Amino acid sequence: MESRPLVVVGAGVSGTAAAIEAAKAGVPVTLIDENPVPTSMAGLNVPLFFGQRFNNVLRDRALMMERVAATNEAQYEAISEAEEAGVDIQLGTCVWGAFRNSQNSRLLDGPQIGLADHERSWMMKYDRLIVATGSRDLSFGFAGCDLAGAMGANGAHSLMSRYQALSAQRMVILGGGLLGLKTAKMALDNGIDVAAIVDIAPSMRGEKTLATLLQSKATELYTSHTVKQAVGNNGDIQSVVLVEIDDNLEPIAGTEKVITADTVCLAIGLVPNIEILSLLDCDLTFKSELGGYVPTHDDRMRTSVYGVFVAGDAAGFHEAMVHNPDIARNQGRIAGIAAAESLGATTKGFPPLKGEMSEGQRGPTQVHTIWKQWLHSLANAAGQDTFACQCEEITRSEIIGLEPPRYLEWESEQMNRRNLQTQLKDNPVNPNQVKRLTRAGTGTCQGRNCREQVALLLAEESNTDIADVPLSTYRPPLRPLPLNVIWPDDESEDVRNEWPKWFSPNNKVLG
């Protein structure tokens, strides 16, 4: 098993900054990033909501490795600085698990993470860990969301800036906040026509100057509108039907508009990537203004678990970070210095808190209120029989009714009569229980594209505050891994020849 003094997960702005600061203090640092992801993973919308909108160049791993290392000019300089500082950079390597001794596991030889690339998997022990895993896309179902071309803002951003492999010609963007407007600007800069930006609010939430600039480039801004459906052929989106909504988020008859487009990009919000932190049992608290459940940390970015630090979007996402990457970079620097000092290194001290948010930059303090409004508008326009969990093809109504997978049948009439309301008589609302009954969140994306939607549905139907809906648990492996990667060694000849006997109750090996 490999062992490292300091491991940083995530080679974005905050992770790279953390690695550089710790390396400058003389600490051996390993910086891990899962990009470039294999096309098989991207096809499963892992780790981002790519929506089948990548071209074949993504299959060229060597070329993608070069592009990920380069990314953009500022980040290229940071990666180069990290290499010069002696940081061990491992690209194309994902973290599929994180483990430490606890009540359920007391025999581990120190804390460790499970790693994998496209060929093998292995374990790595660490003394200190900095989690800078960024954020993922918020996804809501709408009629036609299962067609190729429905994707998320972070997925689009990654394909445009990191991979230069976005296969889209004409885009409709959902979300008129800073995230949506910035995504539209990036798409236009990459030669993609942005047909429309859609928001349920009476006006765009983002910067007015940016909205005006986009309008000057022939982008239509549709306020008080939502998506009625995406229409496609041969599995691909070809057009999007918008509809105007009233003050109650109900569609107004006769206001439908058909927009020719091959891509619908959801830029309604982003959610912190807390998978690793959850596996390590770090304290997580609900803060709507930061995107949901986030790790508690002090002013040195230390979490509740000794030796584990956090930085960047993983510590909590807000729209100001889209506009000002110095916030994430500064958090990374602080985490890197704090981790180095905890290992006995001498540093030049902590940087000033430049780039921190003012109250005016923070954006909405209750983003889940906006998310719930979006969910209502989409359900009102298309009905409850649209997918909430695309991987398992589970609709909103099936989640509310606690209906089993379509390939199963309940064994009793009593079970057939159960729904969310009858379940609430026995237990408080719990996404894990709903997951076990309906399989929502158990698909290949592992809940990344339905977790928030399911939680909002449960909160609404049970009349529960969204802050009181527990976080659905994460379990390893955090990434879908081929069996030959998770265990590359072939079985022995004895096992190959004798394995049928293992199932015999009289077999002596089983005692």
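1. The expected span of a helix is 1.5 Å times one less than its number of residues. Helix α11 (residues 367–382) has 16 residues, and the distance from its first C-alpha to its last is 23 Å, close to the 22 Å expected at 1.5 Å a residue. Helices (H or I, at least four residues) and strands (E, at least two) are DSSP runs, numbered from the N terminus.

2. Some ground rules apply to what follows. This is a predicted model, in which local features need pLDDT of at least 70 and side-chain atom pairs count only at pLDDT 80 or more, while totals for chains, interfaces and linings use all residues. Residues are numbered from 1 along each chain as its sequence is written, and side-chain values use heavy atoms, with hydrogens and water left out.

3. Which residues of α11 are buried? They are V367, H368, I370, W371, W374, L375, S377, L378, A379 and A381. Buried means under 20% relative accessible area, exposed over 50%, and partly exposed in between (1.4 Å probe, protein chains only). An α-helix has 3.6 residues a turn, so residues three or four places apart point the same way. After α11 comes G383, whose phi is positive, near 90°.

4. A nonpolar core is a set of buried Ala, Val, Leu, Ile, Met, Phe, Trp, Tyr and Cys residues joined through side-chain atoms within 4.5 Å. The largest one has 53 residues, of which F140, F142, V172, L174, W371, W374 and I399 touch the most other members. A second, separate core of 51 residues includes V29, Y126, V131 and A338. In soluble globular proteins, nonpolar side chains tend to be buried together.

5. Leaving aside neighbours within four places in sequence, F142 is in contact (heavy atoms within 4.5 Å) with A150, V227, A230, V264, L266, L378, T386 and R396.

6. How many salt bridges does the structure hold? There are 18 salt bridges, each a side-chain nitrogen of Lys or Arg within 4 Å of a carboxyl oxygen of Asp or Glu. Side chains of opposite charge can pair when their charged atoms come close. One of the bridges joins E452 and R136 (2.8 Å, N to O). This pair links distant parts of the chain, with E452 in helix α16 (residues 451–462) and R136 in strand β7 (residues 135–137), 316 residues apart. Both E452 and R136 are buried.

7. E275 and R479 also meet in a salt bridge (3.4 Å, N to O). E275 is in helix α8 (residues 275–279) and R479 in the loop between α16 and α17 (483–486), 204 residues apart. E275 and R479 are buried. Salt bridges that share partners join E34, E275, R448 and R479 into one network.

8. In the salt bridge between R205 and D199, the closest N and O atoms are 3.2 Å apart. R205 counts as partly exposed because its relative accessibility is 36%, whereas D199, at 1%, counts as buried.

9. C389 is buried, at 2% relative accessibility. For C282, the closest cysteine sulfur is in C94, 19 Å away, so that pair is also too far for a bond. By this rule the count comes to zero disulfides.

Notes:
A disulfide is a pair of cysteine sulfur atoms within 2.5 Å.
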